[in-house]
Amino acid sequence: MQIQFLGAAGEVTGSCHLVQVGEKKILLDCGLIQGRPKDEARNREPFPFDPETIDAVVLSHAHIDHSGRLPLLIKSGYSGPVYTHRATADLCRTMLRDAGFLSEKDAEWENRKRERKGLPLVEPLFTIQDVEAALGQFKELDYGRQQTILPGVSIRLSDAGHILGSAVTELWLSQNGQVRKLVYSGDLGRSGMPILADPTPIQDADLVVMESTYGNRLHRTWVQTLTELKGIFNDTLTNGKGNILIPAFAVGRTQEILYLFAKYYEEWGLERWYIFLDSPMAAEATDTYARNSQLFDRESSEMWRRHQEHSLLPNLRFTRTAQESMQLNKIRSGAIIIAGSGMCDGGRIKHHLKHNAWRKDCHIIITGYQASGTLGRSLVDGAKYIKLWGETIRVAASVHTVGGLSAHADQAGLMNWYAHFQGRPPLVLVHGEAVAAEGLAKRLREDLAAPVRIAQPASQMDLGHLGNFIGSPEK
């Protein structure tokens, strides 16, 4: 029995881990690598395994850095099932189709330039047709039910509290009379988050594989976060009412923002704004959330029952077409525009930045993680100029980083989740930049005496001989 860390090892994106039990191989996640162009180019490299030899895939949640290479996996020869929560399957129908559309458009745009230069044409990373083939292999599961997926392999999904349908995966692995239990966190949410339930604590494991995205920092409290948001809206009204841009992930973050806007509508003075959700994918995802409101926490379920999607806010408008989106660029003030992508590396938010970031009365609210090399990361790091389609844009807008809205558990949340395990099982950290993983590992060793390692790219571990774990290298 072995596990090999093939993605999100020493970095945040591209989640992919290979578990082998005898002759059976299970892939945990199969995500796109995101960030700098040179990093994203790695998505075209062959998989470090033969896709035809994989027997099953278990998908933790719908975010593209966990699910985005599934169409390419199927295109490369994988023909088995993709096990995931039914809400994740629902969201993937939106997110993967959008990714396929963008892949085709990116290739079309690149080939126009290549034709003019007489260069060989490129193929899309994958197509919408590849996406439909992948979706046909999804097997939908519910939380809390243990079931066998292969001889010697059974799994159970529990709510990870990160986005709708996100799951902690427990795997029971059996080979030659030896049984090992592996727990994979996927991405863990925060306790007390709007809409979703808290991450499910697990009590027993032989090995824990846990994310570490915010492993070296603490989020602001909810009280501080709500006070900060209220201050931004009030200050903008007092000191000059320009536009407010909110880059937001279409799944999870957008729905949380809409929920908070509905809850604090009068307190934050939102009735004095025009609010636009400028993302067809976010609109579809909001529909999916509404269809799965039984997964919400009690307060959110009650609010969602009182309001249908279009009446959550009386001044909320969904701009679904490109023409409607372009009309927003004519608005000089008084608009709150929520648009993707969340890291500003694509989508309609780039157009809104081009038309607003140079204005002193504009405010940009960053509400989530910004990977290294993304445009959003540049804004967070205080860039004075940004480049959009070859044009240099001065950043005169006020940039607010509201980290308290993160859908990821912070250092305290991660440590608290691990602390529920009895006997302090061995722990491997994935899905984090080096500084984040190292900071979390240090605290885990000092405060919880946890035997912890940081996964390195392509490193592997023998699940049958975990007794050697403590004496082995820590990284």
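Which residue of strand 6 does histidine 85 stand opposite? Histidine 85 stands opposite leucine 141. The model is a predicted one, in which local features require a pLDDT of at least 70 and side-chain atom pairs count only at pLDDT 80 or more, whereas totals for chains, interfaces and linings use all residues. Residues are numbered from 1 along each chain as its sequence is written, and side-chain values use heavy atoms, with hydrogens and water left out.

The confidence of the prediction is expressed as pLDDT (the predictor's confidence in each residue, from 0 to 100). The protein chain averages a pLDDT of 92, and 97% of the residues score at least 70. Over residues 471-475 pLDDT stays under 50, and the model has nine contacts beyond four places in sequence for this stretch. A contact denotes heavy atoms within 4.5 Å.

Secondary-structure elements are DSSP runs numbered from the N terminus (helices: H or I, at least four residues; strands: E, at least two). Two strands are taken as paired if DSSP finds at least two bridges between them. Strand 5 (residues 82-85) is paired in parallel with strand 4 (residues 56-58) through two bridges. Valine 58 has tyrosine 83 of strand 5 as its bridge partner. Strand 5 also runs parallel to strand 6 (residues 138-141), to which four bridges join it.

Seven strands form an open sheet with mixed pairing, in the order 7-8-9-10-11-20-21. From one strand to the next, the twist averages 25°. Angles run from 0 to 180 degrees between N-to-C directions, and axes are lines fitted to C-alpha atoms, for helices over the stretch in contact. Within this sheet, strand 10 (residues 178-184) and strand 11 (residues 207-211) pair in the parallel sense over three bridges. Valine 208 in strand 11 is the bridge partner of valine 183.

Helix 13 (residues 411-419) packs on the sheet, where it touches strand 9 (167-175), strand 10, strand 11 and strand 20 (427-430), and its direction makes about 165° with that of strand 11. Helix 14 (residues 434-448) lies across strand 11, strand 20 and strand 21, and runs at about 170° to strand 21.

Two packed helices are described by the angle between their axes and the distance between the axes. Relative orientations are classed by angle (under 35 degrees roughly parallel, over 145 roughly antiparallel, 65 to 115 roughly perpendicular, the rest oblique). The axes of helix 7 (residues 253-263) and helix 8 (residues 280-291) come within 9 Å and cross at roughly 75°; the two helices are therefore roughly perpendicular to each other. Thr254, Gln255 and Leu258 of helix 7 make this contact with Ala282, Ala285, Thr286 and Tyr289 of helix 8. Its residues divide into four nonpolar, three polar and no charged. In this division Ala, Val, Leu, Ile, Met, Phe, Trp, Tyr, Cys and Pro count as nonpolar, Asp, Glu, Lys and Arg as charged, and the others, Gly among them, as polar.

Helix 8 also packs with helix 4 (residues 86-117), their axes coming within 9 Å and crossing at roughly 170°. Helix 4 and helix 8 are therefore roughly antiparallel to each other. Asp90, Leu91, Thr94, Met95 and Asp98 in helix 4 meet Met281, Glu284, Ala285, Thr288, Tyr289 and Arg291 in helix 8, and the residues of this contact comprise five nonpolar, two polar and four charged.

Valine 251 is placed in the loop between strand 12 (244-247) and helix 7. With a relative accessibility of 2%, valine 251 counts as buried; buried means under 20% relative accessible area, exposed over 50%, and partly exposed in between (1.4 Å probe, protein chains only). Residues up to four places away in sequence aside, valine 251 touches His63, Leu91, Met95, Ile163, Ala285 and Tyr289.

Asparagine 176, in the loop between strand 9 and strand 10, has a positive phi of about 50° although it is not a glycine. Asparagine 176 is exposed, at a relative accessible area of 78%. In the loop between strand 15 and helix 11, cysteine 344 likewise has a positive phi, of about 65°, but cysteine 344 is buried, with a relative accessible area of 0%. Serine 341 lies in the loop between strand 15 (335-339) and helix 11 (349-356), and a cis peptide bond with omega of about 10° joins glycine 340 to serine 341.
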